[in-house]
Amino acid sequence: LDLSDNFLEEGCSEVMDALPSSLTSLSLSANPVGPKGAEALSSVIERGRLPSLSTLNIAAAYIGDPGAIELSISVPLATQLTRLDLSSNGITAEGASALAEAGPDATRSGA
C-alpha cells in the first residue's frame, strides 16, 4: 500500500487502525506523519495487527528521534519485516541507538 506524498498528518491513527492485517508493504514516505503518527503505527504493530508486514517505508516523514524511539519498541515484533526505510527523518544518534539496541531484527536493512 503506497500512501506516500499525501497529507497524512501527525496522529493519523484512523488510517493506521484501518490497515488490513494481510498488508505486506506500507509506504508512508513524504507525509508529515511525525512522532505521533509513528506512535500510532507502532501501536498497530504492537497489537499484532500487521503480521505479514515485510516492507515499511517511513522516509521523510518528520518522525525524528521520538518516532524512531517509539518504533524501536515495535519493529522487533514485526517478525516478517525485511526492509525498513527511515531515511531523511532527522534521526540523530539517540534515535539510531534506540533502534540498534532493540536488536538485530530492528536494523535488518534500510535503517
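Modeller: Helix 2 and helix 3 pack with their axes 8 Å apart, at an angle of about 0 degrees. Here an axis is a line fitted to C-alpha atoms, for helices over the stretch in contact, and the angle, taken between N-to-C directions, runs from 0 to 180 degrees. The two helices are therefore roughly parallel to each other; angles under 35 degrees count as roughly parallel, those over 145 as roughly antiparallel, those from 65 to 115 as roughly perpendicular, and the rest as oblique.

This is a predicted model, in which local features need pLDDT of at least 70 and side-chain atom pairs count only at pLDDT 80 or more, while totals for chains, interfaces and linings use all residues. Residues are numbered from 1 along each chain as its sequence is written, and side-chain values use heavy atoms, with hydrogens and water left out. Helices (H or I, at least four residues) and strands (E, at least two) are DSSP runs, numbered from the N terminus.

On the side of helix 2, the residues that meet helix 3 are P35, A38, E39, L41, S42, I45 and E46. Their partners in helix 3 are P66, G67, E70, L71, I73 and S74. Contact means heavy atoms within 4.5 Å. By class, this contact has seven nonpolar, three polar and three charged residues. Ala, Val, Leu, Ile, Met, Phe, Trp, Tyr, Cys and Pro count as nonpolar, Asp, Glu, Lys and Arg as charged, and the others, Gly among them, as polar.

Helix 3 also packs against helix 4: their axes come within 8 Å and cross at roughly 5 degrees. This pair, too, is therefore roughly parallel. Helix 3 contributes D65, A68, I69, L71 and S72 to the contact, and helix 4 contributes E94, G95, A98 and L99. These residues divide into five nonpolar, two polar and two charged.

Within helix 3, the buried residues are G64, D65, G67, A68, L71, S72 and S74. Buried means under 20% relative accessible area, exposed over 50%, and partly exposed in between (1.4 Å probe, protein chains only). Helix 2 and helix 4 (93–101) are among what covers them.

The description now extends to the core. In soluble globular proteins, nonpolar side chains tend to be buried together. In this model, the largest nonpolar core has 28 residues, and those with the most contacts inside it are L26, L41 and L56. Such a core is a set of buried Ala, Val, Leu, Ile, Met, Phe, Trp, Tyr and Cys residues joined through side-chain atoms within 4.5 Å. Helix 2 (34–46) and helix 3 (64–74) are the elements that give two or more residues to this core, and helix 2 gives the most, with five. Leaving out residues up to four places away in sequence, L26 touches L1, L3, L19, L41, L53, T55, L56 and N57.

Finally, there is an open sheet of three strands, in the order 1-2-3 and with parallel pairing; two strands pair if DSSP finds at least two bridges between them. Its edge strands, each pairing on one side only, are strand 1 (25–27) and strand 3 (83–85). From one strand to the next, the twist averages 5 degrees. Strand 2 (residues 55–57) runs parallel to strand 3 and is joined to strand 3 by three bridges, with N57 standing opposite D85.
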